[in-house]
Amino acid sequence: MQVTMHVNGVTHTREVEPRLLLIHFLRDELRLTGSHWGCDTSNCGACVVWLDETPVKSCTVLAAMADGHRVLTVEGLERGGVLDPIQQGFAECHGLQCGFCTPGMMLTGRWLLDHDPDPSPAAIREALSGQICRCTGYENIVRSVRWAAEHAAGTP
Amino acid sequence: MQVPAYVEYEKATSVEHALGLLARFGPEARILAGGHSLIPMMKLRLAQPETLIDINGLGELSYLRETDGELRIGALTRHAQLLDSPAAGRHFAILHDAERVIADPIVRNWGTVGGSLCQADPSEDLSAAFAALKATMLIQGPGGSRTVPAREFHTGPYETVVAPGELLTEIRIAIRPGGGSAYEKVGRRVGDWPVGAAGAAVWLAGDTIADAGIGLTAVGARHFAAAEAEEFLRGAPATGASFARAGEIAAGHCRPTSDQRGPADYKRHLASELTIRALRRAVLRARGTGA
């Protein structure tokens with residue numbers, strides 16, 4: 001079947017099998033390998049992307065279900081060479097070590113800040129509770145999201 | 001790498017179109033809503049439909065509204081929408097209690113209320129919540145629509161009364177005066193299926209329980225309900241002693257099985273204790289004194 005998707009503002013059309021998962025469409029068809037393919041069981045959250053305005057686990061969504069929709073991946077967070085504050089926050093606060101969970105964490109973090117610009121650490125932990133990090137112990141991830149809440153894009 | 005087996009795919013554009021597709025592709029077709037149970041089952045070959053009929057485009061099935069003294073929930077309503085609905089929380093706090101502990105926020109963004117009910121997992125939280133609230137399911141088929149009480153909706157593990165060719169479209173809950181409700185769940189970790197969980201809905205007349213609904217999940221309760229405990233509570237005083245007896249009765253009538261989530265006797269203990277806690281909180285809320 002043919003699917004057309006608007007990924008990070010660019011329209012892509014591909015011929016795919018209906019069983020193709022969105023994560024594999026993004027990584028293998030579009031070569032957008034920033035989204036990570038982790039547990040494959042919708043537990044770990046490494047594959048989180050936005051489907052229209054909503055973060056979803058793309059290992060549990062078919063590419064066919066995203067046909068005609070917008071998708072935002074980590075590659076789309078940066079604007080004109082300027083990192084999104086959530087990306088800068090992870091860099092400033094050492095919010096990652098191995099980096100495997102980071103794209104999903106940042107996409108959920110961005111969504112949270114869009115809906116709650118000044119989230120408490122508890123609200124951040126709740127929002128990220130469907131995503132697993134085996135390196136940081138989460139402390140620095142919470143600090144990274146807080147950093148993004150406190151800084152505008154382009155802060156040096 | 002886990003991928004589903006080859007499958008055909010159709011995108012429904014209306015309820016009528018979905019019903020037409022179900023008729024055309026027959027019993028080996030499955031409705032695809034959020035897919036957060038179906039797709040994992042397809043990866044494991046526990047489900048192997050020939051055709052998926054995607055209803056995610058049916059905005060007409062995504063709503064929460066108060067109509068004719070009922071809260072009506074469209075089957076395609078996402079868990080996150082139910083959790084965000086002030087009307088649902090105001091009338092039926094049990095729904096927000098339950099939604100807060102279903103999976104995780106990202107899964108709740110896409111998983112649907114109707115999908116969870118039709119998946120009919122014996123540990124499903126919403127099945128117990130709607131059983132406690134004595135909800136009604138609206139099912140549409142080629143010959144029109146029919147309503148089924150929540151307690152007749154599930155016929156067994158992973159089985160419902162929704163026939164091939166039919167579609168669950170709405171859940172209805174009567175808004176009755178003097179009501180309060182609550183949900184209590186024990187899980188091994190955040191986001192997991194329950195080891196055991198209980199929901200309670202009470203309708204008070206003064207200090208007397210005029211009517212009660214108790215839902216149980218993951219503990220082998222028939223139709224996700226504790227009918228014998230409800231019978232005991234009807235007309236009983238709303239006191240701790242009544243709650244304790246109801247918990248005892250509820251535990252006595254469920255049939256939990258031992259598995260990786262815990263031994264049967266522990267689950268039976270949970271059925272009692274969580275019924276008591278849910279009743280206590282439901283009564284406080286019915287009196288307007290509980291959070």
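Helix 5 (residues 93-100) of chain B packs against helix 8 (residues 125-132) of chain B at an angle of about 170 degrees, and their axes are 10 Å apart; axes here are lines fitted to C-alpha atoms, for helices over the stretch in contact, and angles run from 0 to 180 degrees between N-to-C directions. The two elements, helix 5 and helix 8 of chain B, are therefore roughly antiparallel to each other, given that angles under 35 degrees count as roughly parallel, over 145 as roughly antiparallel, 65 to 115 as roughly perpendicular and the rest as oblique. Helices (H or I, at least four residues) and strands (E, at least two) are DSSP runs, numbered from the N terminus.

This is a predicted model, in which local features need pLDDT of at least 70 and side-chain atom pairs count only at pLDDT 80 or more, while totals for chains, interfaces and linings use all residues. Residues are numbered from 1 along each chain as its sequence is written, and chains are lettered from A and ligands numbered from 1 in the order in which they are written.

Between the two helices, B:I94, B:L95 and B:A98 of helix 5 of chain B meet B:D125, B:L126, B:A129 and B:A132 of helix 8 of chain B, where two residues are in contact if their C-beta atoms, placed from the backbone, lie within 7 Å. The residues of this contact divide into six nonpolar, no polar and one charged; Ala, Val, Leu, Ile, Met, Phe, Trp, Tyr, Cys and Pro count as nonpolar, Asp, Glu, Lys and Arg as charged, and the others, Gly among them, as polar.

Chain B is divided into domain 1 (8-54), domain 2 (59-174) and domain 3 (179-286), with bounds that come from an automatic or database domain assignment. The centres of domain 2 and domain 3 of chain B, taken over C-alpha atoms, are separated by 20 Å, and their contact takes 21 residues from domain 2 of chain B and 22 residues from domain 3 of chain B. On the side of domain 2 of chain B that touches domain 3 of chain B, the elements giving two or more residues are helix 5 and helix 8 of chain B, and helix 8 of chain B gives the most, with six residues. By class, that side of domain 2 of chain B has twelve nonpolar, three polar and six charged residues.

Chain B also holds an open sheet of five strands in the order 4-5-10-6-7, with antiparallel pairing, two strands being paired if DSSP finds at least two bridges between them. Its edge strands, each pairing on one side only, are strand 4 (64-67) and strand 7 (144-149) of chain B, and the twist averages 25 degrees from one strand to the next. Within the sheet, five bridges join strand 6 (residues 136-141) of chain B to strand 10 (residues 167-174) of chain B, which run antiparallel, and B:M137 stands opposite B:I171 in strand 10 of chain B. Helix 1 (residues 15-25) of chain B lies across strand 6 and strand 10 of chain B, running at about 130 degrees to strand 10 of chain B.

Chain A is divided into domain 1 (2-76) and domain 2 (85-150), whose centres, taken over C-alpha atoms, are separated by 21 Å.
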